Amino acid sequence: MDEIQDNSREKVEVKATPLPWKPLLVVILIVMSEATNLVILFPFVVFMVRDFGITDNEDRVGFYVGILASAFPFAQVISSLPIGLASDKFGRKPILMIGILGASFAMLGFGLSTNFYAALTFRLIGGLLNGNIGVAKSVLGDVTDKTNQTRAFSVIGFVFGAALIIAPAIGGYTSDPAGNYPNSIFADIKFFTTYKYFLPPFFGFLVGITGFILGMILLKETLPSKSGKEEEDTTKIVVENIESPIQLEYDSNSELIEEESKKVVDDIGESSLLLQPTLNRKKTIWGLIKDPKVIGTISLYTFISFITIIGDEIYAIWAVDEINSGGLNFSSEDIGLTLAIGGVFLLCIQLLVFPKLCKWFGSLRLYQLSLLFLAAVYFSLPYINIPAKDLYKNKEAGNDILIYQIELWGGLMLILFVRFGSNVCAFTSAMLCLNNSVYPENLGSINGLGQMTSSLFRAAGPFIAGFVYSFSLSQNLSFPLNFHLIFILNSILCIIAFLVGFILPRSLDKPLLKQS
C-alpha cells in the first residue's frame with residue numbers, strides 16, 4: 001500500500017465502456033417509431049379531417065385537427081406508468097415487443113381509416129401501446145454504465161429530434177399520391193384514391209415492424225431478475241501507475257473493501273467523487289422532485305417540448321389555410337418540401353454548428369439564446385401571409401410572379417431555418433442540462449420524469465393550438481386577436497422559458513461529477 005500511496009498522484013484513467021450497439025439499435029428504432037407516430041400526420045391532417053366531413057364549418061377544422069393530433073400523446077400519458085411497472089415485473093423485452101408491434105398495426109389502421117372516429121380510435125390505441133418510450137430508456141439504463149450512459153442518451157436525443165423533422169417531410173410528400181402526382185402510377189390504382197393518406201402511416205408501420213423484427217433477434221432480456229444475472233452495483237476504477245494497474249471495488253451495501261484504500265481515494269482528488277458508493281448518490285423519484293435544480297431542468301425540457309409541438313401543429317394548420325384567412329394556401333406537398341429542406345439544415349446544425357455554440361456559450365445560455373430567436377420566429381411567421389397575398393393578386397392579374405415567389409419562399413425558408421436551428425440547439429441543450437443535474441445513477445429516473453411531463457404537454461399542445469386558432473378565425477377579430485394570436489402566445493411562452501433559465505446555475509453546463 002505504501003507503493004500505491006507514493007504513486008497516487010499518477011494519472012487516473014477511467015476506461016469508457018463501448019456502447020452496446022445491438023440493444024441501442026433496437027431502442028433507436030423504437031424511438032424513431034414513437035416520434036414518427038407522433039408527428040407524421042401534421043402535413044396532411046387538415047386535408048384528412050376535411051375529407052372525413054366531420055364539420056362543414058371551415059373555422060372548426062382546426063379544432064378537430066387538434067383532437068386527432070393530441071390523441072396519441074394523451075394516450076401515452078395514461079399508459080406510460082402501467083407499462084413501466086409491467087416491464088419491472090414481466091421483463092423489458094416482452095413489453096417492448098408487444099408495444100411496438102401493436103402500435104405498428106394501429107398506425108396501419110389509422111392509414112386505412114375512412115372516418116374521423118375510426119382515425120381517432122387508432123390514434124388512441126397507438127398511443128396506449130406506444131407508452132413504452134420510458135421502458136426503452138430503462139433498457140439503456142440496464143445495458144450501460146456511468147462511463148457510456150450519457151453518450152447513449154445523447155444518441156437517442158439526436159434520433160428523436162431528427163425524426164421529428166424527417167417524419168413530417170415524408171408525410172407531406174407521400175400523402176394523397178394519386179392527387180399530388182396525377183401522372184404517376186398511383187393515379188391509376190383505386191386503392192390510393194380511396195385511402196389517400198395510407199402511405200405516411202405505412203411508413204410508420206415499416207419503421208415499427210423493423211424495430212420489432214430486430215428486437216426479437218438482437219435484444220436480450222435486460223431486467224436483472226429475468227436475465228439470470230445478479231443485480232450488481234459495483235463501481236470500479238483502474239488506477240494506473242508505472243508498475244501495474246490496481247483495481248479498487250466498492251459494493252453498494254458495504255464500506256470500502258480495504259480500509260487502507262481510503263487514503264488512496266482521498267489523494268486522488270477529483271476522482272474520489274467517482275468512487276463514492278452508488279448507494280450514496282442514488283435518489284428516489286421523490287428525492288429528485290424535491291431538488292429545485294431538477295425541477296428547473298425538467299421545466300426547460302418541458303417548455304421546449306410544448307413550444308415545439310404547438311409550432312408544428314399550428315404551422316400545419318396555418319400554412320394550408322386560405323390566404324384571405326391569413327394562411328399560405330399550401331398543399332401537403334409544399335409543407336413536405338419546406339420540412340425536407342429544413343430537416344437537412346437541422347442535421348447540419350446538429351452535427352457541425354451546435355458543438356461549437358455549446359462550447360462558446362454553455363448549454364444553459366445557449367438554450368436561452370435559442371428561445372429568444374424562437375420568440376422572434378413565431379412572432380414573425382404569420383407576416384409571411386403578406387407576400388403570399390401579393391403573389392396571389394399578381395397571379396390572378398396575369399403579371400410576372402417570379403419576384404413574389406422569391407419573396408414568399410425566401411422569407412419563409414429564412415424564418416424556418418432560424419426555427420429549426422434554434423429548436424435543435426434548445427432541445428439538445430435542455431437534454432444536456434437535464435442529464436447534468438443528477439449523478440449518472442439517476443439518469444434513467446430524471447429522463448423518465450422529463451418524458452412524462454413533456455408527454456403531458458405534448459398532448460395538450462395540439463388541442464390548445466387548434467382551439468385557439470379556430471377561435472381566432474371564427475370571431476373575426478382584429479390584430480392581435482386574429483390568426484396572429486396563437487403565434488403571439490407561443491412567443492410569450494418562449495420568453496417565459498428564457499427567463500426560467502436565469503433561475504438555474506451555470507454549473508449545469510457540465511456533468512454533476514465535474515461540478516463537484
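Helices here are DSSP runs of H or I at least four residues long, and strands are E runs of at least two, numbered from the N terminus. This is a predicted model, where local features need pLDDT of at least 70, side-chain atom pairs count only at pLDDT 80 or more, and totals for chains, interfaces and linings use all residues. Residues are numbered from 1 along each chain as its sequence is written, and side-chain values use heavy atoms, with hydrogens and water left out.

**View 1. Asp 176, a residue other than glycine with a positive phi.** Look in the loop between helix H8 (149-174) and helix H9 (177-180) to find Asp 176. Its phi is near 45°. Asp 176 counts as buried because its relative accessibility is 17%; buried means under 20% relative accessible area, exposed over 50%, and partly exposed in between (1.4 Å probe, protein chains only).

**View 2. Asn 329, with phi near 60°.** Here, too, the value is positive and the residue is not glycine. Asn 329 sits in the loop between helix H17 (292-320) and helix H18 (332-361). At 41% relative accessibility, Asn 329 is partly exposed.

**View 3. The cis peptide bond between Phe 479 and Pro 480.** Omega for this bond is about 10°. Pro 480 belongs to the loop that runs between helix H22 (443-474) and helix H23 (485-500).

**View 4. Val 500 and its partners Leu 300 and Phe 303.** Val 500 is part of helix H23 and is buried, at 17% relative accessible area. Leaving aside residues up to four places away in sequence, Val 500 touches Leu 300 and Phe 303 (contact means heavy atoms within 4.5 Å). Val 500 and Leu 300 are 200 residues apart in sequence, yet 7.5 Å apart in space, C-alpha to C-alpha.
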